[in-house]
Amino acid sequence: MSSFSVTEPSRRLKWIAGLLVVGYALVTLMPLMWIIATGFKSSSDSIAYPPKVVFEPTLEGYVNLFTVQNRASPEQLAANPPETWYEQIVHDKGMMISGPSRFGERFMNSVIIGFGSTFLSVFLGTLAAYGFSRYRVPLKDDLLFFILSTRMMPPIAVAIPIFLMFRATGLSDTHAGMILLYTAVNLSLAVWLLKGFIDEIPREYEEAALIDGYTRFQAFYKVVLPQAATGIASTAIFCLIFAWNEYAFAVLLTSGTAQTAPPFIPTIIGSSGRDWPAVSAGATLFLLPVIVFTILLRKHLLRGITFGAVRK
Amino acid sequence: MSVTAIDRIAKATPPRVARKIHGLSDRTIAWIFIGPTIVLLLAVNIFPLLWTIYLSFTNFRANRPNADVEWVGLQNYQRILSNPEIWQTMQATAHFLFWTLFFQVLIGFALAWLINAKFRGSNFWTTVIVLPMMLSPAVVGNFWTFLYQPQIGVFNYVVGFFTGADPSGFSMIGDVRLAPWAIIIVDTWMWTPFVMLICLAGLRSIPDSIYEAAECDRASKWRQFWTLTVPMIMPFLMLAVLFRGIENFKMFDLVVQLTGGGPGSVTELTSINLKREAFEKWRTGFASAYAVILFVTVFGLASIYVKALNRVKQR
């Protein structure tokens, strides 16, 4: 941009704008910072008044998150000296570890269901998006609108018959059921986003490939797929984040074996009232991957959240 | 679609021979690509929807699957529309919708306008601001109950610090008057970046040349803002409002974790109320009618709105 532009904001305006935006960003980050900090606090520090900004970090919250503990008598404690650092932490509170908690399982459920449904919805979505982008389909606009409209329904409204369907087919509280459900919910996003990305690939590439003797399917996976790789990757991340964060279906349709982390984390309680360091530790571990993905995605963020309606 | 020589030959030959020459027809290939998606959506979305509509005319209860199901006609619908409790949840939802949209548009637009001044580091700070929007509403909402604690909560402490109020003297979640604002604050915190991103895209889509022309015509900055920036950004703002409106009409996870609908039922939004009818009171038929009314409302409002949006775009 030339320095002689009437539309370029003045230096002073830039300074003021910068200060205000940074100020807002810092305020908006505070709850996140507080989650991360609380995860490293001892339980008494976490509920101190006034709230403690400076504190001695401890891994107690993380140990509590991953273990189940019992109060032990002094004799028992003396008979079982701690062998590892985490046993030491528990030991110091006069407790003993009686086993692993369910957090690890719930976290793995989130991983399995998240990746499974992401893979399926991106796979089906890519095929459908390619079909819509390149072929004459009867009632194309209506079908696309239908696909989009499936996202408008409140999840609780669809949950009633899905609950009945799952109960009848034995899919309640199974990984397969949740993967299927999340795939269906994510498909609308996958189709719309991917159609946008594929529309941007010039048709001439495929036509050249067809002339070279490729079949339609070869042209699809040897020419179009590599070209759409970035689009497919960012769509996948969006689907993953959605499945990762989903709560309404998870809380209604899973209770044990297939329960994901979002309904589980709020149920974490300690021996005396809510164990906020453990809750925060769980939340930190759960939110961290999404923060990393958001930073990776920043260029396509807008497109993803508006179903491809706004492209930069 | 380009018409190749092979296409033309294929059209001129009898179908059976044509298939041998050409392989699958374009239409068949198209259905191979699209079919699986449509089938899955029919099974997991349309079939349940039709089932809901059917159930809404019955007195079925999901916790008594073996009891006789009676056809009750429009009785469920009548009961819902004449139920004052449900009208109250509709009001709570409208209040929530109005104020979240108001604050998010106001703050989101202001932020976008400031970021558009392109100060150094604006891209980095944009990414930082966007973070809350991508996080799990249930997990974050649950944590906010901790921030809102009267004695130990940071929110109360900060408010007390700046206003001089006693931090343990008020409870955002426990107070009937404050609870609706507690959910509005968290939703605004989470979703303002969404409106901001869309506004930013709108602002960046306005070519500099328009402002240069206005500058030549000696239009004041104030005038430029109201006659150029605002009308050109309108379609973007309306799109943001559409997305947020639909999302917040469906709002469930964040508010369930924050207030659970309480105290009493002042923050009981329609989704939460519906969940209570369907999965706690197990009035499946009644809840199905409720669900039908909700999505008719969403679709109705959304399609009226999209028409208005298109009119603004055409101008």
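**Entry 1. Confidence**

I began with the scores of the predicted model. The ipTM is 0.88 and the pTM is 0.88. For chain B, the average pLDDT is 87, and 92% of the residues score at least 70.

**Entry 2. The interface**

I next looked up the contact between the chains. It involves 82 residues of chain A and 76 residues of chain B. On the chain A side, the helices that each supply at least two residues are H1 (11-39), H6 (103-134), H8 (155-169), H9 (175-199), H12 (229-245), H13 (248-253), H15 (276-297) and H16 (301-305). Which of these gives the most to the side of chain A that touches chain B? It is H1(A), with 15 residues. I also recorded the classes on this side of chain A: 64 residues are nonpolar, 12 are polar and 6 are charged.

**Entry 3. H8(A) against H13(B)**

I then took H8(A) and examined its packing on chain B. For a packed pair of helices, the description consists of the angle between the axes and the distance between them. H13(B) spans residues 270-279, and its axis comes within 9 Å of that of H8(A), with a crossing of roughly 20°. An angle under 35 degrees counts as roughly parallel, and H8(A) and H13(B) are therefore roughly parallel to each other. The handedness of this crossing is right-handed.

From H8(A), the contact is made by A:Ile156, A:Ala157 and A:Ile160; from H13(B), by B:Ser271, B:Leu274, B:Lys275 and B:Ala278. I sorted the residues of this contact by class and found 5 nonpolar, 1 polar and 1 charged.

I asked how many of the 10 residues of H13(B) are buried. The number is 8, so H13(B) is largely enclosed by the rest of the structure. The buried residues are B:Thr270, B:Ser271, B:Ile272, B:Asn273, B:Leu274, B:Lys275, B:Glu277 and B:Ala278. I traced what they pack against: H8 of chain A, and, from chain B, H5 (84-115), H12 (253-258) and H14 (284-314).

**Entry 4. H8(A) against H3(B)**

I looked up a further partner of H8(A), namely H3(B), residues 26-55. The two axes are 9 Å apart and the packing angle is about 100°. Angles of 65 to 115 degrees count as roughly perpendicular, and H8(A) and H3(B) are therefore roughly perpendicular to each other.

On H8(A), I listed A:Ala157, A:Val158, A:Ile160, A:Pro161, A:Ile162 and A:Met165 as the contact residues; on H3(B), the list is B:Asn45, B:Pro48, B:Trp51 and B:Thr52. By class, this contact has 8 nonpolar and 2 polar residues, and no charged ones. I noted that A:Ala157 and A:Ile160 belong to the contact with H13(B) and also to the contact with H3(B).

**Entry 5. Backbone exceptions**

Most peptide bonds are trans, and most residues other than glycine have a negative phi.

The bond joining A:Tyr49 and A:Pro50 is cis, with omega at about -5°. I located A:Pro50 in the loop between H2 (43-46) and H3 (60-66) of chain A.

A:Phe307 is not a glycine, yet its phi is positive, at about 55°. A:Phe307 is found in the segment after H16 of chain A. It counts as partly exposed because it has 19 C-beta neighbours inside 10 Å.

In chain B, the entry is B:Lys118, a residue other than glycine with a positive phi near 50°. I placed B:Lys118 in the loop between H5 and H6 (122-134) of chain B. With 14 C-beta neighbours inside 10 Å, B:Lys118 counts as partly exposed.

**Entry 6. A:Gly308**

Finally, I looked up A:Gly308, in the segment after H16 of chain A. Is A:Gly308 buried or exposed? It is buried, because 22 other C-beta atoms lie within 10 Å, and the cut-off for a buried residue is 20 or more. Leaving out residues up to four places away in sequence, A:Gly308 touches A:Trp192, A:Leu193, A:Gly196 and A:Arg303. I also recorded a separation of 30 Å between the C-alpha atoms of A:Gly308 and A:Val27, which are 281 residues apart along the chain.

Conventions: Residues numbered from 1 in each chain as written. Chains lettered and ligands numbered in written order. Predicted model: local features only at pLDDT ≥ 70, side-chain atom pairs only at ≥ 80, totals over all residues. pLDDT = per-residue confidence, 0-100. Contact = placed C-beta atoms within 7 Å. Helix = DSSP H or I, 4+ residues; strand = E, 2+ residues; numbered from the N terminus. Nonpolar A, V, L, I, M, F, W, Y, C, P; charged D, E, K, R; others polar. Axes fitted to C-alpha atoms, helices over the stretch in contact; angles between N-to-C directions. Parallel < 35°, antiparallel > 145°, perpendicular 65-115°, else oblique. Left-handed = near helix turned anticlockwise from the far one by under 90°. Buried ≥ 20, exposed ≤ 12 C-beta atoms within 10 Å, placed from the backbone.
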